[in-house]
Amino acid sequence: MLQGRRIVVGVTGGIAAYKAVEVCRRLVDAGAHVVPVMTAGAERFLGRTTLSALCSEPVQTSLWNEVSPIPHTRLGQSADLVLVVPATARLLGAYAAGLSTDLLTNTLLATRAPVVVCPAMHTEMWEHPAVQHNMQVLRSRGVHVVEPDEGRLAGGDIGAGRLATPDRIVAVVEQLLGPHDMAGLRVVVTAGGTREPIDAVRVIANRSSGKQGYAIAAEALGRGADVTIVSTVELPVPIGAVVRSVETAAEMQAAMNELAPTADVVVMAAAVADFRPVDRAQGKLKKAAGPPQIVLEATPDILAALGAAKPAGQVLVGFAAETSDLVANAEAKLRRKNLDLIVANDVSAPGVGFQHDTNAVTLLCAGGDATTIELSDKRQVARAVLDSVCVIRNSPRGASPS
Ligand code: CTP
């Protein structure tokens, strides 16, 4: 998503400086060229070597010692974005006042690129009127602020001022620098496995973790879409997504009947139970009563119903979890359910599908195109799925007719 984008990451002297390392690593993983800058204060908290090793270039710290005679203008002018993580009260004050005291503040004043600051400090400092005034000044100048979280702070205090999570910080960067090829599109993604109750405590479930659906949601958000996740699982919610929690196939179908008709893109990544108990026992079935006879009935095929009622122009994406004849089975589902794209995975292969962080898939389009994605991070698979969705949307035929 951030391929070829140049991000200057400024690290200042707060206890949260160590978390900047994780942010840098994730930005590099997303394809960015990450140029680290440390203040003198940051060097008290973090070794140069650590940051240099995880970024795309060695750390720069000084206006004077570098090979380039004017490093701040070079850094500021060449950046697609400048990110300050963590941003101390001192840095925020200097930036708001226009003070150029070191390489980072000079770079901030020399750039016309978007700037994102991630404040982190003790609650008393964060709530101080001087700091809040500086934040107001920075916001009014268009600086993007990733608000700190509430939580445990250095020294054991609890309150507002804890650095935002790397997830939130990276999501903001992606939303600013991402391709925006899904700007304004309404995307509905289902995620997780449905649970069909047998009695008050037992369910028929499956191994789906929901990770692939959430990765698609995060990717769509980064590309500018409005995203709703219809979810059976509790995973960290990608910043900006709306989550509709459901449990059974019937609840998922009700949610989709409401949300899908106005969606531009629908992705059924959920593993929906095909069968459910006809009757749900009241209370808990007791062991002493012996093995129960559980009579099953078919659940509705949510995706097939969505395919039958697909509005013109909507791109409908299904998944096919297979253990044999991957392509033939997936192609049959693609046709039978009137899909534009199916994501087929062989869930019996190592590292693939349910519960893993990785996946290997074959993408089959209604137009006949096939793409194979070797074992990769689920976010990379999400990227490939949405690349295909965008190609389908932009193709002269658009989505296949309903
Ligand atoms: N699906 C659905 N409703 C169901 C079953 C499946 O909407 N009751 C959707 C899944 O979300 C997925 C696609 O249909 O996007 C294919 O699911 P899969 O379990 O692979 O296939 P099935 O249609 O259930 O067929 P089979 O179990 O025979 O492979």
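Analyst: A residue is called buried when its relative accessible area is under 20%, exposed when the value is over 50%, and partly exposed in between. The model shown here is predicted.

User: Is Arg379 buried or exposed?

Analyst: The relative accessibility of Arg379 is 18%. The limit for a buried residue is under 20%. Because 18% falls under that limit, Arg379 counts as buried.

User: In which helix is Arg379 found?

Analyst: The helices are numbered from the N terminus. Arg379 lies within residues 378-394, and this segment is helix H13.

User: Which residue forms a salt bridge with Arg379 whose closest N and O atoms are 2.8 Å apart?

Analyst: Side chains of opposite charge can pair when their charged atoms come close. A salt bridge requires a side-chain nitrogen of Lys or Arg within 4 Å of a carboxyl oxygen of Asp or Glu. At 2.8 Å between the closest N and O atoms, the partner of Arg379 is Glu174.

User: How many residues apart are Glu174 and Arg379?

Analyst: This salt bridge between Glu174 and Arg379 links distant parts of the chain. Glu174 is in helix H8 (residues 166-177), while Arg379 is in helix H13. The two are 205 residues apart.

User: Is Glu174 buried or exposed?

Analyst: Buried residues have under 20% relative accessible area. Glu174 has a relative accessible area of 6%, so Glu174 is buried.

User: How many salt bridges are found in the whole structure?

Analyst: Another pair is Glu57 and Arg6, whose side chains meet in a salt bridge at 3.5 Å, N to O. Glu57 is in the loop between helix H2 (48-54) and helix H3 (71-78), whereas Arg6 is in strand E1 (residues 6-11), 51 residues apart. Glu57 and Arg6 are buried. In the whole structure, the number of salt bridges is 24.

User: Which residues gather in a patch of negative charge on the surface?

Analyst: Asp and Glu count as negative. Glu150 is exposed, because its relative accessible area of 66% is over 50%. The patch is made of Glu124, Glu127, Glu150 and Asp157.

User: Which residues make the nonpolar surface patch of about 280 Å²?

Analyst: Leu296, a member of this patch, is found in strand E15 (residues 296-298). At 43% relative accessibility, Leu296 counts as partly exposed. The nonpolar patch is made by Phe275, Ile294 and Leu296.

User: Which residues of helix H5 are buried?

Analyst: Helix H5 covers residues 103-110 and is mostly covered, since six of its eight residues are buried. Those buried residues are Leu103, Leu104, Thr105, Asn106, Thr107 and Leu108.

User: Which residues are joined by a cis peptide bond?

Analyst: The bond has an omega of about -5 degrees. One of its residues has its place in strand E3 (residues 81-87), namely Pro86. The cis peptide bond joins Val85 and Pro86.

User: What is the phi of His180?

Analyst: His180 is found in the loop between H8 and strand E8 (186-191). At 36% relative accessibility, His180 counts as partly exposed. Although His180 is not a glycine, its phi is positive, at about 55 degrees.

User: Where is Asn338 placed?

Analyst: Asn338 also has a positive phi, of about 55 degrees, although it is not a glycine. The place of Asn338 is in the loop between helix H12 (326-336) and strand E17 (341-346).

User: What percentage of the residues in the protein is buried?

Analyst: The protein has 13 helices and 19 strands. Its C-alpha atoms fill a box of roughly 75 × 55 × 40 Å along the principal axes. Of the 402 residues in the protein, the buried share is 52%.

Technical notes: Residues numbered from 1 in each chain as written. Predicted model: local features only at pLDDT ≥ 70, side-chain atom pairs only at ≥ 80, totals over all residues. Heavy atoms only, no water. Patch = residues over 30% accessible without salt bridge, like charges linked within 9 Å, V, L, I, M, F, W, Y side chains within 5 Å. Areas by Shrake-Rupley, 256 points an atom, 1.4 Å probe, with all protein chains shown as cover. Charge placed at Lys NZ, Arg CZ, Asp CG, Glu CD. Buried < 20%, exposed > 50% of the residue type's maximum accessible area, 1.4 Å probe, protein only. Helix = DSSP H or I, 4+ residues; strand = E, 2+ residues; numbered from the N terminus.
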